[in-house]
Amino acid sequence: MVSDRCPAAHAEDPTPCDGGQVVRVVDQQGTGVSACIHHGARLYASLIRPRVYPLAGHDGAAVEVYNLARALRPFPWVHETSYRGPI
């Protein structure tokens, strides 16, 4: 795993971050992690009953993550045949 990726990037997900950390994705137990839009959406799509919140100064980022996640399968890196760049 590359150390400059956001905390939401799964170790088996080869995709790079698409920018800085702009949201916090929270699982059903209340554990949260900061994320870029790209990895936030991928994580959100993989959790049961997740929540997403924008970090300060990033209004609209949570909605963007939610909308992107709606088009993803859970654990999208498992289903991708090859990496084609950020979504």
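Two strands are taken to pair if DSSP finds at least two bridges between them. By that criterion, four bridges join β1 to β3, and these strands run antiparallel. Strands and helices are themselves DSSP runs, numbered from the N terminus, with helices being H or I over at least four residues and strands being E over at least two. The model described here is predicted, so local features need pLDDT of at least 70 and side-chain atom pairs count only at pLDDT 80 or more, while totals for chains, interfaces and linings use all residues. Residues are numbered from 1 along each chain as its sequence is written, and side-chain values use heavy atoms, with hydrogens and water left out.

The chain holds three helices and three strands, arranged from the N terminus on as β-β-α-β-α-α. Of its 87 residues, 39% are buried, where buried means under 20% relative accessible area, exposed means over 50%, and partly exposed lies in between (1.4 Å probe, protein chains only). The chain exposes about 5,200 Å², and carbon and sulfur atoms supply 53% of that area; accessible areas come from the Shrake-Rupley method with a 1.4 Å probe, and for residues only the protein chains shown count as cover. Contact is defined as heavy atoms within 4.5 Å. Among contacts between residues at least 6 apart in sequence, 53% join residues at least 24 apart.

Turning to the sheet, the three strands form an open arrangement in the order β2-β1-β3, with antiparallel pairing. Strands β2 (32–35) and β3 (51–54) stand at the edges, each with a single partner strand, so one side of each is left without a neighbour in the sheet. On average, neighbouring strands are turned by 25° against each other, direction ignored; axes are lines fitted to C-alpha atoms, for helices over the stretch in contact, and angles run from 0 to 180 degrees between N-to-C directions. Strand β1 (residues 23–26) pairs with β2 in the antiparallel sense over four bridges, and V26 has G32 of β2 as its bridge partner. Five residues lie between β1 and β2 in the hairpin that they form, and G30 in the turn has a positive phi of about 95°. Towards β3, R24 stands opposite Y53.

Helix α1 (residues 37–46) packs on this sheet and touches β1, β2 and β3, its direction making about 145° with that of β2. Because 10 of the 10 residues of α1 are buried, the helix is largely enclosed by the rest of the structure. The buried residues include I37, H38, R42 and Y44. Their cover includes β1, β2, β3, α2 and α3 (76–79).

Helix α2 (residues 61–70) lies across β1 and β3 and runs at about 145° to β3. Its buried residues are A61, A62, V65 and A69. Seen down the axis of α2, these residues fall within an arc of 100°, so they line one face of the helix; the arc is that of the directions from the helix axis to the C-beta atoms. They pack against β1, α1 and β3. On the other side of α2, V63 and R70 are exposed.

A search of the whole structure finds zero disulfides, a disulfide being a pair of cysteine sulfur atoms within 2.5 Å. C17 is in no disulfide, and the nearest cysteine sulfur, that of C6, is 3.7 Å away. C36 is likewise in no disulfide, with the sulfur of C6 as the nearest cysteine sulfur at 3.8 Å. C17 is partly exposed, with a relative accessible area of 23%, whereas C36 is buried, with a relative accessible area of 0%.

G20 is partly exposed, with a relative accessible area of 48%. Leaving aside its neighbours within four places in sequence, G20 is in contact with A35 and C36. The C-alpha atoms of G20 and R5 are separated by 9.1 Å, the two residues being 15 apart along the chain.
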